[in-house]
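Welcome! Please take a moment to look over the sequence and the 3D structure, and then we can walk through some of the details together.

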Amino acid sequence: MPTRDTSAEAGTPDVQAGEKSIATIATLRVGVKLYVYHENSKEHRLAEILSIQTRKGTPHYYVHYEEFNKRLDEWVPPTRLDLAKEVEWPRPDRPAKKPEKVAKASTPRETPTSTTARVPKRPRRGDSLGPGTPTLVQKGSNKKARTSALPEDDLVVQSETVGDVGTPEDEEVDEESVEIDPKAAAARATPAKQSGASGTPETFSKEHEIEKLRTSGSMTQSAHEISRVRNLSKLQIGKYEVEPWYFSPYPVEYTEEEMVFICEFCLSYFGEEKRFQRHRTKCTLLHPPGNEIYRDSAVSFFEIDGRRQRTWCRNLCLLSKCFLDHKTLYYDVDPFLFYIMTTRDEYGCHMIGYFSKEKESAEGYNVACILTLPQYQRHGYGKLLIAFSYELSKREGKLGSPEKPLSDLGLLGYRAYWQDTIVDLLLSNKGLETTIDELASLSAMTTQDVIHTLQNLNMLRYFKGQHVICLTDAILSQKQKQVEKQKIKGKRTLDPELIQWKPPVFTAANRTWNW
Ligand code: ACO
Ligand code: ZN
């Protein structure tokens, strides 16, 4: 899809920044906010132009709808713009961004590479194994750790149900009001052709990979600008075609392809189908390259050390960045373990999702990144991944919590898991006293997460001079509905007995296996 960035050529209107006035196609530029027809909701919505490109002589606009998640950003033709209404010109404190050359973007600056060295050669098209992928790390620091002034020890469970009143105020600020339309968040994943055999990735040195990334021009781009525009059109992963949600720093060549082919076993990527097919005849990998530490009739879990499987783990991060917006990129996969959940069939173990975990987390996080591939989302796999992460924490004798900040979907998934877990624990313990600490130690959730879950569910009350946990009518009827739904749809569960895992021990020097 040949494109030409024309945003620099767009005429600048004779208006002050921040002002509103009528625009024309000729005066539109990056940073302008205007009404754009949004097909899902079938109405015009306020959106900001993030990039402009000309395709076959017609300008196209990459727009971000206000108050919508970035994954709904899209390219629209001029016919979708409402130019009868006034547009808002970029404000002085947010000057029109420089043109965003999406097709030239490859790697955000966060990668710890030096910006001084120059490497003349560009990576070959179709050579997917070289530009190793950065690790995903959180963009914001976790300064907003959850706090609560509630006493934790004098809490008891009140077994009779009470009405839905007297909610304690929720202190969370950044994690509130997340309600997502399942349709809006749903992945657009469709079955594609099934691929054949498989193979093992070659390995490149870190220096080599960094050099290759540099040659793709990334260092001359502003990371902020690059990452605002989705750069890949479509991915083929196994038998599915999936549309990426966000920018991911695949090498520049791939951004020009209509489809990027991912080998679902070694996670190598290819811009050309022929190369991909050739790779498939050579690739011998049939499951993630690590130890299978869990197997039941439905799924398996594999544990992978980032230090031992750098290329594979970097390729995984690169792929998952397509669906994780709030993580920035870092090069070093060594300090992480990756837990990959797969389904099995006669062709091999197909990845459903994964979570990564720091070998040592100073903050006590038990998950760094978590992802269910879009084609498998909303089938209960996210809860299974989360459940697995807490089972590992139980084996470690630790309480854990996911790395913050959580994404919108991450928060929804965790809240759903936390609610299920706590309500189930209370129901199984009905009539008996329990404390926040007890709930935490039984679930491996931090006491803060327990308290916040109870608060969110309106289950913490002050009663006759002490705090009590109440199973409210609302919660019980919600639980009843869920049980009925699960009777029809079935429920995915984990059997902790089947986990074959002991907490690994790492040397301080390299945070790798102590063998
Ligand atoms: N809209 C509303 N609720 C949702 C949605 C949605 N789109 N997705 C999940 N939920 C809630 C629901 O309550 C759901 O339970 P229900 O289906 O019984 O109602 C619950 O979350 C769990 O759903 P699962 O099917 O178990 O979860 P899924 O397999 O879809 O995975 C996950 C959840 C991992 C967060 C997935 O959405 C994902 O990969 N998102 C993209 C990557 C991401 O944002 N990861 C989290 C980042 S935070 C971090 O890494 C620490
Ligand atoms: Zn392969």
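Does Lys464 count as buried or exposed? At 76% relative accessibility, Lys464 counts as exposed. Please keep in mind that the model you see is predicted.

You can find Lys464 in the loop between strand 24 (460-463) and strand 25 (466-470).

Leu267 also has a positive phi, of about 65°, although it is not a glycine. Leu267 sits in the loop between strand 14 (260-262) and strand 15 (269-270). With a relative accessibility of 1%, Leu267 counts as buried, while Lys464 counts as exposed.

A further stop is the peptide bond from Lys404 to Pro405, which is cis, with omega near 0°. Pro405 belongs to the loop between strand 23 (401-402) and helix 8.

## Around the ligand

Polar atoms of the protein and the ligand meet at several points. A polar backbone atom of Ile370 is 2.8 Å from a nitrogen atom of ligand 1. A polar backbone atom of Gly382 is 2.8 Å from an oxygen atom of the ligand. Ser407 takes part through its side chain, with a polar atom 2.5 Å from an oxygen atom of ligand 1. On its own, ligand 1 has 970 Å² of accessible area, and the protein covers 88% of it.

## Salt bridges

Side chains of opposite charge can pair when their charged atoms come close. How many salt bridges does the structure hold? There are 17 salt bridges, including the ones in this table.

| Salt bridge | N to O distance |
|---|---|
| Arg307 and Asp334 | 3.9 Å |
| Asp420 and Lys383 | 3.1 Å |
| Asp424 and Lys479 | 2.5 Å |

Let us take them in turn. Arg307 forms a salt bridge with Asp334. Arg307 lies in the loop between strand 17 (299-305) and helix 6 (310-321), and Asp334 in the loop between strand 18 (327-330) and strand 19 (336-345), so the pair ties together parts that are 27 residues apart in sequence. Arg307 counts as partly exposed at 34% relative accessibility, whereas Asp334, at 12%, counts as buried.

The side chains of Asp420 and Lys383 also meet in a salt bridge. This pair links distant parts of the chain, with Asp420 in helix 8 and Lys383 in helix 7, 37 residues apart. Here Asp420 counts as buried at 13% relative accessibility, and Lys383 as partly exposed at 30%.

Asp424 counts as partly exposed at 30% relative accessibility, and Lys479 as buried at 13%. Elsewhere, salt bridges that share partners join Glu39, Glu74 and Arg80 into one network.

## Aromatic rings

Our last topic is the aromatic side chains. The structure holds 20 aromatic pairs. In one of them, the rings of Tyr294 and Phe301 have their centres 5.9 Å apart and their planes at 80°, so the pair is edge-to-face. Tyr294 is buried, with a relative accessible area of 2%, and Phe301 is buried with 0%.

Tyr294 also forms an edge-to-face pair with Phe388, at 5.9 Å centre to centre and 80° between the planes. This pair links distant parts of the chain: Tyr294 is in strand 16 (residues 291-295) and Phe388 in helix 7, 94 residues apart. Both Tyr294 and Phe388 are buried.

Which residues make up the aromatic cluster that includes Tyr294? Tyr294, Phe301, Tyr339, Phe355 and Phe388 form one cluster.

How values were computed. Residues numbered from 1 in each chain as written. Chains lettered and ligands numbered in written order. Predicted model: local features only at pLDDT ≥ 70, side-chain atom pairs only at ≥ 80, totals over all residues. Heavy atoms only, no water. Polar contact = N/O pair within 3.5 Å; in protein donor to acceptor, adjacent residues only side chain to side chain. Areas by Shrake-Rupley, 256 points an atom, 1.4 Å probe, with all protein chains shown as cover. Helix = DSSP H or I, 4+ residues; strand = E, 2+ residues; numbered from the N terminus. Buried < 20%, exposed > 50% of the residue type's maximum accessible area, 1.4 Å probe, protein only. Salt bridge = Lys/Arg side-chain N within 4 Å of Asp/Glu carboxyl O. Phe/Tyr/Trp six-rings, centres within 6.5 Å; stacked < 30°, edge-to-face > 60°.
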